Amino acid sequence: MNNVFTINREKLFHLLEGNEPSTEQLNAILQKARQLKGLELEDVAALLSVQNLDKIKQIMEVAKYVKEEIYGKRLVLFAPLYTGNVCVNNCVYCAFRRANKHLVRKVLNMEEIKQEAQMLLKDGHKRILLICGESPRNDINYVCEAIRSVYSIRIGKDNIRRINVELAPMTVDEFRQLAQEKIGTYVCFQETYDPELYKEYHPEDTPKSDYLYRLNVMHRAMEAGIPDVGLGVLFGLADYRFEILALMEHAKDLENKFGCGPHTISFPRIEPAEGAPLPENIPHKVSDDNFKKIIAIIRIALPYTGIILSTRESDELRTELFNYGISQISAGSRTNPGAYSHVADKSGSQFALGDHRSLEEVISGMIDCGYIPSFCTGCYRHGRVGADFMDLAKPGLIKQFCLPNALFSFKEYLYDFAGEDTRKKGLALITKMIEQMPDTKAKQKIVEELEAIDDGKRDCYF
């Protein structure tokens, strides 16, 4: 890697000293946002300073427009699969921290990982996020074997079709090894971009205490040939306005150096975590109203980036945020290793959940709101990744694949896993979506594939 990426802390805080934009200035920024080309750093700083409720409502309405134009009425579903909670770090906000003597520690072996994959498949999941603490016990060789173990599991016609990974930073050589596996997106949270606060939250000499090494992890991953990366911060550690500007800078630097910004950005907030002191007194707590605002701002500032919301949040808030920017959600999640195979065992969890619904309950709620649940992995398997994905996404062409593939994977779920009530209203929603499509050759092909699913065909995708 030729150039080390850094965050100019003073520059970003200086940008946040500006006044709230006038009505005219706000309208100009939002008009630019409606062109679906994204926003500049200064525009985002101006939006972050907005406190007027009517102006915030304007921002959210534009975010809703952008979300509908790019993603339509579909939401991608996944579940995390924790392979271990052993960790050498001592982060003050995480239950996996080394100093937590109360946590029941475990690293799953390959048979146990296969059992977890089987349970997720039986629920209907097709996409998972493989995740674990940082430890020599789950090094790159362990991770690669775990990925292959998950992909080896089949139940009838069903299998896990795509594995994204959330793993500790690696060297370029390790990333090259990871890139040989059939992964989707590599995810790693910076936690906080504020270098001064980062030191406080990651004490002692541990791998994670190296701020710059973590900050440049995506550059190493992309240099090694991983096309899709996912950014994220843990909201509550620092001024959320600073974090958003830093995310913008990070995305811009990746775009400049690799021709492609982040495939996803995750939006977790600090939740209670057994044995972690910081969640008891969150230093920069983000209210629900501010949380909604910042998700809306990122949606219009980085319109083609997927925005992920986990089950940390309540079902009510998650449902509301579908409208203003969220494009991917976890569902039926567990945050301790072995939890899907041993449902009654709550020990060893990383943090408390806010949404405890099953996958089918989440899907049922999405149908009621008019959203198509998607398990689609077509882009990965057709090679529409990285810059190639963005070349389709930016002119709005990716929609010709996204909605049909969502409909296909949803209909498969309804036949193979859903209860009668969910199946009935889900099939009605698919019919409604088809009726709203213009009469084209593409529509005819979509209808043909949907009919083939009626006849037993599976794993359909364009």
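Student: Which residues are linked with Asp-194 in a network of salt bridges?

Tutor: Side chains of opposite charge can pair when their charged atoms come close. A salt bridge here is a side-chain nitrogen of Lys or Arg within 4 Å of a carboxyl oxygen of Asp or Glu. Arg-9 and Glu-196 join Asp-194 in such a network. Please note that this is a predicted model, in which local features need pLDDT of at least 70, side-chain atom pairs count only at pLDDT 80 or more, and totals for chains, interfaces and linings use all residues. Residues are numbered from 1 along each chain as its sequence is written, and side-chain values use heavy atoms, with hydrogens and water left out.

Student: How many salt bridges does the rule give?

Tutor: The count is 28 salt bridges. One of them joins Glu-204 to Arg-98, with 2.3 Å between the closest N and O atoms. This pair links distant parts of the chain, 106 residues apart: Glu-204 is in the loop between α8 (195-201) and α9 (211-215), and Arg-98 is in the loop between β1 (74-84) and α5 (110-123). Such helices (H or I, at least four residues) and strands (E, at least two) are DSSP runs, numbered from the N terminus.

Student: Are Glu-204 and Arg-98 buried or exposed, or in between?

Tutor: Buried means under 20% relative accessible area, exposed means over 50%, and partly exposed lies in between (1.4 Å probe, protein chains only). Glu-204 counts as partly exposed because its relative accessibility is 45%, and Arg-98 is partly exposed at 36%. In another salt bridge, Lys-208 meets Glu-191 at 2.7 Å, N to O. Here Lys-208 lies in the loop between α8 and α9, and Glu-191 in the loop between β6 (183-187) and α8, 17 residues apart. Both Lys-208 and Glu-191 are buried.

Student: Where do Glu-111 and Lys-114 lie?

Tutor: Both are in helix α5, three residues apart, which is about one turn of the helix.

Student: How many aromatic pairs does a search of the whole structure find?

Tutor: A pair of aromatic rings is described by the distance of the centres and the angle of the planes. Rings of Phe, Tyr and Trp (its six-membered ring) pair if their centres lie within 6.5 Å; planes under 30 degrees apart count as stacked, over 60 as edge-to-face and the rest as tilted. The search finds nine pairs. Among them is the stacked pair of Phe-13 and Phe-242, at 4.7 Å centre to centre and 15° between the planes. The two residues are 229 residues apart, Phe-13 in helix α1 (residues 9-15) and Phe-242 in helix α11 (residues 240-258). Phe-13 is partly exposed, as its relative accessible area is 25%, whereas Phe-242 is buried at 0%.

Student: Which residues form one aromatic cluster?

Tutor: Phe-375, Tyr-413 and Phe-417 form it.

Student: Over which rings do Lys-73 and Arg-312 sit?

Tutor: A charge sits over a ring if NZ of Lys or CZ of Arg is within 6 Å of the ring centre and within 35 degrees of the ring normal. The charged end of Lys-73 is placed over the ring of Tyr-371, 4.0 Å from its centre. Arg-312 lies over the face of Phe-351, at 3.7 Å from the ring centre.
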